[in-house]
Amino acid sequence: MTKTWNQKSERPVLGRAPLTQPAFLPMSKKEMDELGWDELDILFVTGDSYVDHPSFAASLLGRWLVAHGYRVGIIAQPRWDKPDDMLVMGRPRLFASVSAGAIDSMLAHYTAFRKKRHDDAYTPGGKAGSRPNRATIVYSNLVRSAFPNIPVVIGGIEASLRRITHYDFWTDKLRRSILLDSKADCVVYGMGEYAMLHIAHVLDQYGETSGTPFSYIAQDVRGIAYMGTHDEIPSQANIVELPSHEEIDADNKKLMTATLSLERHVQEADGWAIQPVGKRAVLLAPPALPLSEDEMDELYGLPYAKAQHPSYTEKIPCVDMMTTSITTHRGCGGGCSFCSLALHQGRRITSRSKESIIQEVENLTHNKRFNGSISDVGGPSANMWQASCKANPEQCKRKSCMHPKVCPQFAVNQTKGITLLRDIQKVPGIKNVRVASGVRFDLAQKDETALRAYTMEFTGGQLKVAPEHICDAVLNRMRKPGVASFEHFLGAFKKYSEQAGKEQYVVPYLMSAFPGCTDNHMRELGNWLRSRGWQPQQVQCFIPTPGTVATASYFARIDENGEDIFVAYTDAERLRQHHILIPSVGRKESKAPQGKRGAYAGKSTGKPSGKSNGKPDSKRGSSNHASDKRSERKSQPKREQQPVPTGKSGPKKASPFSVNNR
């Protein structure tokens, strides 16, 4: 065991002597030669283009491994009709790591109504079609073709949420664990820094990597899943038994049992899980432990170029937003039933120190491309920085720290977060600071000082919040706060906006066709909006993404308590609910764009429109297996924001609004 650069951590760190960090991780043999590398130790294959920023797992994990002495190269968006692109840097010495990228490839390609999308924010020129459907499976098989017998490790949001039997919305079928279709050796699920490092360390010890059993590696590695048998689980381990694939296939309701058990496995983080599949089983090691503050500081303090690789001749749309945003923490205590984030990043918050964040801001001011405006400071929910559980999370039986109300054991000093924002504002070269990553409005109301500051000082004309609906019966199944909490927040936002003399807007996210939501619920939502003069132009129709409780509800037509519920299951039923709020969507005569991720054009109001921030969604799982909230946000593509007047939030007359396409 070799102690490396992370001297502050109390956790044993495996690896070799650190290497000098390159300007960019290599993508070609020429770049390897310039670094003096005759071969790679680890090859990353990703469905995203290569942007050297910690929002991208290939960059974050790649630099992490270089810091621990391993040579890493990246193959970004390879062709998938032949393995030639995999060969450009030669066979890696240890293993290949495969990911679909920061967003699920099926969500990257299709809307909620299975329409083809026409853009991709993670691709040069924003062009769609640069990654295949089910990219993790396709890339894994290409790697096997290029390098027979090489260990293949898959990860990212696409693989992580498909680690056990899951419902596939695009074929309306159950699918087995992605391990079987990809033929990968293991899945790194959730946050992958230490899992990847441990795998590299063990394979490095063997020298010849072929045939190394992952049952041996997994004895000490958290956060991985692999195919094996019950006998391979450590004898003293706590074990969560999941229904077998065959049991779920025979009884739809068993998917809910499996989903809730997997959710508990992640939250308790102290045992193994097993799901039989035929004569074998998916074995899931305990989830990865959250990084310490020191580890987060060192990880985000690595010398990222904060730019796209110089080989690209076209601009990558997501770059501008990412290079002007600062990640403060990972994880979310929300546990919303439709959100993949808690299953992927976990409910425990892992934060960076104030000093680390300020240092990144100071470094940003030295970038010639930086204009002085920071577009976002935050995480999955901006006001959870440095939050912690005062109790023991491993023994907690709650499914959400926020529902049915904010848990008294969930401790967060939101005023400290406001002080951080103000200190960032004071850094020479900073003109303004905004919070665009979304504020958990029920939590914000626990600290009136923080709520006032978010509204008066750090809202750049619009503040993102996610009420999702206004019917308490639906909100309860979403694990979201009731409508009374949202209405109280709107009143406070109006008051503080008026005190600041600013015309400001709430950007609400709304959802149709959620499991348990009836047509009458949608009419009630429509009436509530009209009573306030709000005219929605865009509403997200629920997309059943693998792994979530809401998806199990959709497939099994039951709630998490096992009670039968109404589900808008067919496309016709889903469109009918959508049409209650937006009559034009999906109709042939409609001029509204179909299959695009950008916002629909709102009605002319004479008021300034908001600018797209190009940001991937935080709550629907657009993530990789170790990246931060920009690429962890989880399951929908980016949401381009337009301002949404609350009707009461500013001194001027209210106007129609657009609710953003998710």
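Trainee: How many helices and strands are there in the protein?
Mentor: Keep in mind that this is a predicted model. The protein has 23 helices and 26 strands.

Trainee: What share of the 662 residues is buried?
Mentor: Buried residues make up 65% of them. The accessible surface comes to about 23,400 Å², and carbon and sulfur atoms account for 49% of that area. As for contacts with a separation of 6 or more, 77% are between residues 24 or more positions apart.

Trainee: How do I read a sheet, for example the one with β22, β23 and β24?
Mentor: Strands of a sheet pair through backbone hydrogen bonds, in either a parallel or an antiparallel manner. Here three strands form an open sheet in the order β22-β23-β24, with parallel pairing. At the edges are β22 (462–468) and β24 (540–541), each of which pairs on one side only.

Trainee: How many bridges join β22 to β23?
Mentor: Five bridges join β22 to β23, which spans residues 505–512. To find your place along the pair, look for Lys 464, which stands opposite Val 507 in β23.

Trainee: Which helix packs on this sheet?
Mentor: Helix α19, residues 483–500, touches both β22 and β23. Its direction makes about 165° with that of β22.

Trainee: Now the charged pairs. How many salt bridges does a search of the whole structure find?
Mentor: Side chains of opposite charge can pair when their charged atoms come close. The search finds 37 salt bridges. One of them is between Asp 38 and Arg 71, at 3.1 Å from N to O. Asp 38 lies in the loop between α1 and β1 and Arg 71 in the loop between α2 and β3, so the pair ties together parts that are 33 residues apart in sequence.

Trainee: Is Asp 38 buried or exposed?
Mentor: Asp 38 is exposed, at 59% relative accessible area, whereas Arg 71 counts as buried at 17%.

Trainee: Which residue forms a salt bridge with Asp 48?
Mentor: Arg 131 does, with the closest N and O atoms 2.9 Å apart. Asp 48 is buried, with a relative accessible area of 1%, and Arg 131 is buried with a value of 1%.

Trainee: What about Asp 181 and Arg 175?
Mentor: Their side chains meet in a salt bridge of 3.0 Å, N to O. Asp 181 is partly exposed at 26% relative accessibility, and Arg 175 is partly exposed at 21%.

Methods. Residues are numbered from 1 along each chain as its sequence is written. This is a predicted model: local features need pLDDT of at least 70, side-chain atom pairs count only at pLDDT 80 or more; totals for chains, interfaces and linings use all residues. Side-chain values use heavy atoms; hydrogens and water are left out. Helices (H or I, at least four residues) and strands (E, at least two) are DSSP runs, numbered from the N terminus. Buried means under 20% relative accessible area, exposed over 50%, partly exposed in between (1.4 Å probe, protein chains only). Contact means heavy atoms within 4.5 Å. Accessible areas come from the Shrake-Rupley method with a 1.4 Å probe; for residues, only the protein chains shown count as cover. Two strands pair if DSSP finds at least two bridges between them. Axes are lines fitted to C-alpha atoms, for helices over the stretch in contact, and angles run from 0 to 180 degrees between N-to-C directions. A salt bridge is a side-chain nitrogen of Lys or Arg within 4 Å of a carboxyl oxygen of Asp or Glu.
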